[in-house]
Every structure is written in structure tokens, then in C-alpha cells.
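Subject: Handover of the structure

Dear colleague,

I am passing this structure on to you, and I would be grateful if you could look through it alongside the notes below.

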Amino acid sequence: MKEVKKFNIPLKSVAGAVVAAIALFGSVYTVNEGHIGIVKRFSEAKEQVNPGLHFKVPLIDSVEEIEVRTRKNEEKMLSSTKEQMPVTIIVSVNWTVDKSAALDLFRQYGGLSQFESRILDPRFRSATKDVIPKYNAEQLIQDRASAIQGIEANFIEEMKDFPVSVDNIQIENIQLPAKYLTSIETKQTEKNLAAAEEHKLARQNLEAQRAVNTSKAQADGIELVAIAEAKAIKLKGLAEAEAITAKAKALGDNPLIVKLTEAQNWDGKLPATMLGGQNMPILDMRTK
């Protein structure tokens with residue numbers, strides 16, 4: 001049989017290796033993206049570090065992260081409208097921690113959860129409850145944007161001394177008594193019907209005015225035609241009168257024209273009977 005060799009490793013060496021491994025792994029840490037690392041030494045916040053790989057003193061330093069991405073807080077609360085109607089409202093706010101002030105926020109409040117519960121959420125509820133009673137129920141439903149602007153203005157004023165920025169506020173839901181909602185729907189239906197009737201009446205008025213305009217245009221056209229015809233008749237009569245006058249003047253100035261006309265129209269037959277003293281219907285063209 002082969003003899004198995006035994007290696008005697010000193011216990012101190014093993015302990016030293018374990019301590020070295022613990023020290024190595026305990027001195028390295030990472031901070032996730034979208035966060036700021038708060039380095040604490042004996043539980044006292046010392047510095048803030050950006051995302052990435054970092055080193056710390058093992059067993060002495062510890063690290064906590066504060067999220068600096070946009071966070072959303074939502075509140076459901078009871079309030080009342082301007083006409084003292086009970087309303088349940090759900091509002092939300094998007095907000096962001098100022099990166100450069102993460103260490104100060106941690107020192108004052110011990111982290112985001114403490115800051116939210118002690119500062120942000122109560123002030124958000126207060127800003128909302130100050131605005132909602134200024135609006136009646138119908139305004140809250142139909143003009144929600146105006147109420148949101150009021151809440152946002154109040155909340156920004158409330159948070160101006162804290163290292164955060166308010167990004168967006170929304171009224172997620174408004175719950176009113178069912179009876180009142182039914183009355184609002186009925187009222188809105190009546191408004192829609194009235195608007196439809198008004199539109200119909202306006203259209204009828206437009207069509208009537210269009211018909212009046214068409215009739216007036218036709219009448220104006222007929223009048224213009226009549227005026228034109230009357231002028232034409234007048235001009236024709238004046239022309240004929242002038243022609244007759246000219247013809248009469250010509251006949252007066254030249255009596256022989258009458259004889260010439262008779263000769264041109266004579267059919268060559270002599271009258272069968274003649275009265276005494278009647279001249280023969282023959283034109284005497286001889287020169288006197």
C-alpha cells in the first residue's frame with residue numbers, strides 16, 4: 001500500500017486567508033443605475049457616490065442607495081365640493097430627488113420612505129384638499145385640468161424648500177354619489193339635444209336665406225331682361241319713327257317718287273272703267 005502523505009496547514013494561515021477574503025469582498029460594492037449611494041461610517045452618512053463600482057473600508061463602512069429616478073406617489077382621499085357634496089378623489093404626483101442633494105436628504109430624513117411619509121405625502125394631501133372645495137361637482141368632471149393646475153401650483157409652493165422637483169400631477173379618478181352622476185348625465189343629454197336643435201335651426205335659417213337669395217337673384221334677372229327688352233322696343237320704335245320721318249320728307253321733296261312707285265307696282269293693265277276727268281295711270285317721264 002502506498003503511504004498517504006498528510007499536510008499540516010497551520011490554523012493561523014487558514015484564518016488569515018478567510019480574513020483576507022472577507023476583507024477583499026467586503027471592500028468592493030456597486031451602486032445601481034438611477035440611484036445615488038450614501039456611504040455611512042459607523043452609521044454616520046459621510047458621502048454620496050454615483051452609480052458604478054466603488055471601494056469601502058470593510059466592516060466599518062456601509063452603503064445605502066437613494067433612487068433619483070422619477071417616482072410616483074398616489075393618494076386616495078375624501079373631500080367635498082363647493083356645494084358640500086362628498087367626493088372621493090384619487091390623485092397622483094410624479095417627483096424626482098435632486099441628485100446633488102441626495103446626501104442632505106438622507107441626513108435629514110434617513111431615506112426616501114421617511115421623506116415621503118413625513119414631508120411629501122402630507123403636503124400633497126393638503127395641496128389637494130385646499131383646491132377641491134373651490135370647484136363644484138360639474139366643474140370637477142368637465143374641467144379637471146383647471147383643478148389639476150390649482151393642485152400643482154399649491155404643491156410646488158409647498159415643496160419649494162426641499163431638494164425635489166415636481167414633474168406631473170394627475171387626478172386619476174373622481175367618485176361622486178350615483179344620484180348626482182345620473183343628474184349630470186341627464187343634464188348633459190339635454191344640453192346635447194338643445195345644441196342639436198340649435199344646429200338644426202341654424203341650418204334651416206341658412207337654407208331659407210339661401211332660397212331668398214336665389215329668388216331675389218331670379219327676380220333681379222327677370223327685371224334686367226324686362227328692362228333690356230323695353231329698351232330694345234324703344235330703340236326699335238325710335239328707329240322706325242326716324243325712318244318714316246325720313247321717308248315722308250323724301251316724298252315731300254320729290255313728288256315724282258310717288259309716280260315712280262306707282263309705275264313700278266303697275267301690272268300693265270288699264271282700268272276697265274274710268275270716270276270723267278280721271279287721268280290715265282301712266283307716268284309721264286318726259287322732261288318739262
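This is a predicted model: local features need pLDDT of at least 70, side-chain atom pairs count only at pLDDT 80 or more; totals for chains, interfaces and linings use all residues.

Residues are numbered from 1 along each chain as its sequence is written, and side-chain values use heavy atoms, with hydrogens and water left out.

The protein has 7 helices and 8 strands, where helices (H or I, at least four residues) and strands (E, at least two) are DSSP runs numbered from the N terminus. Of its 288 residues, 24% are buried; buried here means under 20% relative accessible area, exposed means over 50%, and partly exposed lies in between, with a 1.4 Å probe and protein chains only. Among contacts (heavy atoms within 4.5 Å) with a separation of 6 or more, 65% are between residues 24 or more positions apart. The protein exposes about 21,000 Å², and carbon and sulfur atoms supply 57% of that area; accessible areas come from the Shrake-Rupley method with a 1.4 Å probe, and for residues only the protein chains shown count as cover.

Helix α5, residues 144-158, has 15 residues and reaches 21 Å from its first C-alpha to its last, close to the 21 Å expected at 1.5 Å a residue, the expected span being 1.5 Å times one less than the number of residues. Within α5, the residues Ala147, Ile148, Ile151 and Phe155 are buried. Seen down the axis of α5, its buried residues fall within an arc of 100°, so they line one face of the helix; the arc is that of the directions from the helix axis to the C-beta atoms. These buried residues pack against β7 (86-97), α3 (112-131), α4 (137-142) and β8 (164-175).

On the surface, Phe42, Val57, Leu59 and Ile60 form a nonpolar patch with about 430 Å² of accessible area together. Such patches are made of residues with over 30% relative accessible area and no salt bridge, with like charges joined within 9 Å and nonpolar side chains (Val, Leu, Ile, Met, Phe, Trp, Tyr) within 5 Å. Phe42 lies in the loop between β2 (35-41) and β3 (44-49) and is exposed, with a relative accessible area of 63%. Although Phe42 is not a glycine, it has a positive phi of about 50°. Ser43, also placed in the loop between β2 and β3, has a positive phi of about 70° although it is not a glycine, and at 64% relative accessibility Ser43 counts as exposed.

The count of salt bridges comes to 12, a salt bridge being a side-chain nitrogen of Lys or Arg within 4 Å of a carboxyl oxygen of Asp or Glu. Glu67, which is buried with a relative accessible area of 18%, forms a salt bridge with Arg69, the closest N and O atoms being 3.2 Å apart, and another with Arg71, where the closest N and O atoms are 2.6 Å apart. Lys72 pairs with Glu172 at 3.6 Å between the closest N and O atoms. This pair links distant parts of the chain, with Lys72 in strand β6 (residues 71-80) and Glu172 in strand β8, 100 residues apart. Lys72 is exposed, with a relative accessible area of 52%, while Glu172 counts as partly exposed at 37% relative accessibility. Salt bridges that share partners join Glu67, Arg69, Arg71 and Glu116 into one network.

With kind regards
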